[in-house]
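Student: Could you walk me through this structure? I am new to it and would like to go step by step.
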Amino acid sequence: MIEELVERWLVFILLMPWMIVLIALFIGKRKRRKLSTKKVADWMTLFVMIAVYALARTTIGAGIGYYMMIGMLVIAIIYTSFEWRRNKDFMIIPTMYKIWRLLFLILFVLYFVLLILFLLSFVM
């Protein structure tokens with residue numbers, strides 16, 4: 001009973017980013033398409049973070065929450081310093097959006113790598 005509940009919860013967490021994308025694109029399709037795609041990427045980042053944490057905890061067996069937070073902070077600091085040196089007119093809000101989308105891309109790749117490792121763990 002408990003194992004079945006945990007298994008269903010895990011499947012829900014793993015598929016949650018895709019459900020959010022489909023729902024948001026369906027709703028946003030009626031409005032401006034370009035704006036809805038950006039909003040979906042922004043909101044999906046949060047859900048991909050949760051899914052990466054759950055996948056890593058299941059696949060590796062250890063929590064990586066602190067490592068994820070430290071890694072995201074390091075990426076933000078490095079990107080902000082490059083942006084600050086590159087532009088004389090430095091603005092924090094556009095830089096934060098760029099960092100958030102960069103984290104989305106990194107976490108998305110990490111999501112697929114962990115998903116492949118998770119599926120391979122069942123085969124082996």
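Student: How are helix 3 and helix 4 oriented to each other?

Tutor: Please keep in mind that this is a predicted model. The axes of helix 3 (residues 65-86) and helix 4 (residues 92-123) cross at roughly 135°. Angles over 145 degrees would count as roughly antiparallel, and helix 3 and helix 4 are therefore oblique to each other.

Student: Within what distance do the axes of helix 3 and helix 4 come?

Tutor: Those two axes come within 10 Å.

Student: And is the crossing of helix 3 and helix 4 right-handed or left-handed?

Tutor: The crossing of these two helices is right-handed.

Student: Which residues in helix 3 and helix 4 meet?

Tutor: From helix 3, the residues are Met68, Met72, Ile75, Ala76, Tyr79, Thr80, Glu83 and Arg86. They meet Thr95, Lys98, Ile99, Leu102, Leu103, Ile106 and Leu107 in helix 4. By type, the residues of this contact divide into 10 nonpolar, two polar and three charged.

Student: Take Thr95. Is Thr95 buried or exposed?

Tutor: Thr95, which lies in helix 4, has a relative accessible area of 2%, so Thr95 is buried.

Student: What does Thr95 touch?

Tutor: Not counting residues up to four places away in sequence, Thr95 touches Tyr79, Thr80, Glu83 and Phe90.

Student: What about Met68, is it buried or exposed?

Tutor: Met68 lies in helix 3, and it counts as buried at 13% relative accessibility. Leaving aside neighbours within four places in sequence, Met68 is in contact with Met49, Val52, Tyr53 and Leu107.

Student: How far apart are Met68 and Val52?

Tutor: Met68 and Val52 are 16 residues apart in sequence, and their C-alpha atoms are 9.3 Å apart in space.

Student: Let me step back. How many helices and strands does the protein have?

Tutor: The protein has four helices and zero strands. Along the sequence, the pattern reads α-α-α-α.

Student: What share of the protein is buried?

Tutor: Buried residues account for 27% of the 124 residues in the protein.

Student: And what share of the contacts join residues at least 24 apart?

Tutor: Among contacts between residues at least 6 apart in sequence, 64% join residues at least 24 apart.

Student: Where is Asp42 found?

Tutor: Asp42 is found in helix 2, which covers residues 33-59. Its relative accessible area is 16%, so Asp42 is buried.

Student: Why does 16% make Asp42 buried?

Tutor: Buried means under 20% relative accessible area, and Asp42 has a value of 16%.

Student: Which residues is Asp42 in contact with?

Tutor: Leaving aside neighbours within four places in sequence, Asp42 is in contact with Tyr97, Trp100 and Arg101. Asp42 and Arg101 are 59 residues apart in sequence, yet 6.9 Å apart in space, C-alpha to C-alpha.

Student: Where does Leu110 belong?

Tutor: Leu110 is found in helix 4. With a relative accessible area of 33%, Leu110 is partly exposed. Leu110 and Val48 are 62 residues apart in sequence and 9.3 Å apart in space, from C-alpha to C-alpha.

Student: New topic: how many aromatic pairs are there in the whole structure?

Tutor: A search of the whole structure finds three aromatic pairs. In one of them, the rings of Tyr111 and Phe112 have centres 5.5 Å apart and planes at 75°, so this pair is edge-to-face.

Student: Which residues do the ring pairs link into a cluster?

Tutor: The cluster linked by ring pairs consists of Phe104, Phe108, Tyr111 and Phe112.

Definitions and conventions. Residues are numbered from 1 along each chain as its sequence is written. This is a predicted model: local features need pLDDT of at least 70, side-chain atom pairs count only at pLDDT 80 or more; totals for chains, interfaces and linings use all residues. Side-chain values use heavy atoms; hydrogens and water are left out. Axes are lines fitted to C-alpha atoms, for helices over the stretch in contact, and angles run from 0 to 180 degrees between N-to-C directions. Angles under 35 degrees count as roughly parallel, over 145 as roughly antiparallel, 65 to 115 as roughly perpendicular and the rest as oblique. A crossing is left-handed if the near helix is turned anticlockwise from the far one by less than a right angle, and right-handed if clockwise. Contact means heavy atoms within 4.5 Å. Ala, Val, Leu, Ile, Met, Phe, Trp, Tyr, Cys and Pro count as nonpolar, Asp, Glu, Lys and Arg as charged, and the others, Gly among them, as polar. Buried means under 20% relative accessible area, exposed over 50%, partly exposed in between (1.4 Å probe, protein chains only). Rings of Phe, Tyr and Trp (its six-membered ring) pair if their centres lie within 6.5 Å; planes under 30 degrees apart count as stacked, over 60 as edge-to-face and the rest as tilted.
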